[in-house]
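Hi,

Here is the structure I said I would pass along.

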Amino acid sequence: MEKKNCALATMKDVAKVAGVSTATVSRALMNPDKVSTRTRQKVENAVLEVGYYPHHLTKNLRRNESRTILVIVPDISDPFFTEVIRGIEETAVDYGYLVLIGDCRYQQQEHAFINLLITKRIDGMVLLGSNIPFDISKEEQKNLPPMVMANEFAPGLELPTVHIDNLTAAFNATHHLQKLGHQRIACVTGPKTMPLCHYRLQGYIQALRRTGETIHEEYIVRGDFTYESGAALAETLLTLPQPPSAIFCHSDVMAMGVMWQAKKMGLKLPEDLSVVGFDNLNLAQYCEPALTTVRQPRYEIGHHAMLLLLEQLQGRFVSQDSRLLEAELIIRASTCPPKS
């Protein structure tokens, strides 16, 4: 079916695409608990496809009176996102916008997010992960409010993006350990589904290849950005026949878990084990020893992402290119030359 302008699409159009009656469309939108999950999903998909908004909201739609932004967070409990969200929120407030936070860990949130889109209660979205938390086609994406991606980089979504060069940052972190004399360097990566983890792993691998080091598969272990996974994987690495003398972690949280486990096993840091993290959380400088880590400009990532979204909301053309911000290796007390 040919796409309709949101001001022209009607409930009848939605009903035709969904293959249901207009009464069912009305019921699915106004009282979703009164219809089956399958019917509700069909109606929601049809609404997105034709770009329909309920009649009583058209006036607000034309005037753009929502002035609300939805920020989709992969995991609200991850301390990495606090400064990014602060950068978004303070910038949004300066321009008179309210920020809603949506945690997409829970699948049941999908219906709530779609309702916000259908009823035009949000003007735009900032994605802090690489996934849109609902299943839509690229064509249907055109009917959604403006979107910007922050922190991640996912070329398939074709969105304006603000992030750092994760590959180069990981290369520099690994190379720092090499310059100290470490040869047995392990890597605690993040989830395989996150593009940034792929780039950080490639940076680690390229640093080893640059100096002719062998890539030991047993030194590459995958975590989930939690303290618990860092600790568990540290135990795995440090009980190998030839344990690493240094570990590069894809997040400060996992690095802190690694340090905790190493000390629990009786190792002295950094003499027995050097550790490098990623993010430069506020906690990183208060570890014992203070954590060497990659500083991400988290507040600036949020700030610039919100500015990109505001440009779109003001009707300006924004290219789908990525905006790279500078990352910096902060050297502290958790790294030193290995024992001879």
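This is a predicted model: local features need pLDDT of at least 70, side-chain atom pairs count only at pLDDT 80 or more; totals for chains, interfaces and linings use all residues.

Helix α1 covers residues 11–18 and helix α3 covers residues 37–50; they pack at an angle of about 120 degrees, with their axes 8 Å apart. That makes α1 oblique to α3. On the α1 side the contact uses Asp13, Val14, Val17 and Ala18, and these meet Lys42, Val43, Ala46, Val47, Glu49 and Val50 in α3. By type, the residues of this contact are seven nonpolar, three charged and no polar.

Zooming out, the chain has twelve helices and twelve strands. Of its 340 residues, 54% are buried. If you take contacts between residues at least 6 apart in sequence, 72% of them join residues at least 24 apart. The accessible surface is about 16100 Å², and carbon and sulfur atoms account for 50% of that.

Some backbone details to check before you set anything up:

- Leu269 to Pro270 is a cis peptide bond, omega near 5 degrees; Pro270 sits in the loop between α11 and β9.
- Glu288 and Pro289 are also joined by a cis peptide bond, omega about 0 degrees, with Pro289 in the loop between β9 and β10.
- Asn280 is in the loop between β9 and β10. Asn280 is not a glycine, yet its phi is positive, about 60 degrees. Its relative accessibility is 16%, so Asn280 counts as buried.
- Phe225, in the loop between β7 and α10, is another non-glycine with a positive phi, about 70 degrees. At 15% relative accessibility, Phe225 counts as buried.

Cheers

Notes: Residues are numbered from 1 along each chain as its sequence is written. Side-chain values use heavy atoms; hydrogens and water are left out. Axes are lines fitted to C-alpha atoms, for helices over the stretch in contact, and angles run from 0 to 180 degrees between N-to-C directions. Helices (H or I, at least four residues) and strands (E, at least two) are DSSP runs, numbered from the N terminus. Angles under 35 degrees count as roughly parallel, over 145 as roughly antiparallel, 65 to 115 as roughly perpendicular and the rest as oblique. Contact means heavy atoms within 4.5 Å. Ala, Val, Leu, Ile, Met, Phe, Trp, Tyr, Cys and Pro count as nonpolar, Asp, Glu, Lys and Arg as charged, and the others, Gly among them, as polar. Buried means under 20% relative accessible area, exposed over 50%, partly exposed in between (1.4 Å probe, protein chains only). Accessible areas come from the Shrake-Rupley method with a 1.4 Å probe; for residues, only the protein chains shown count as cover.
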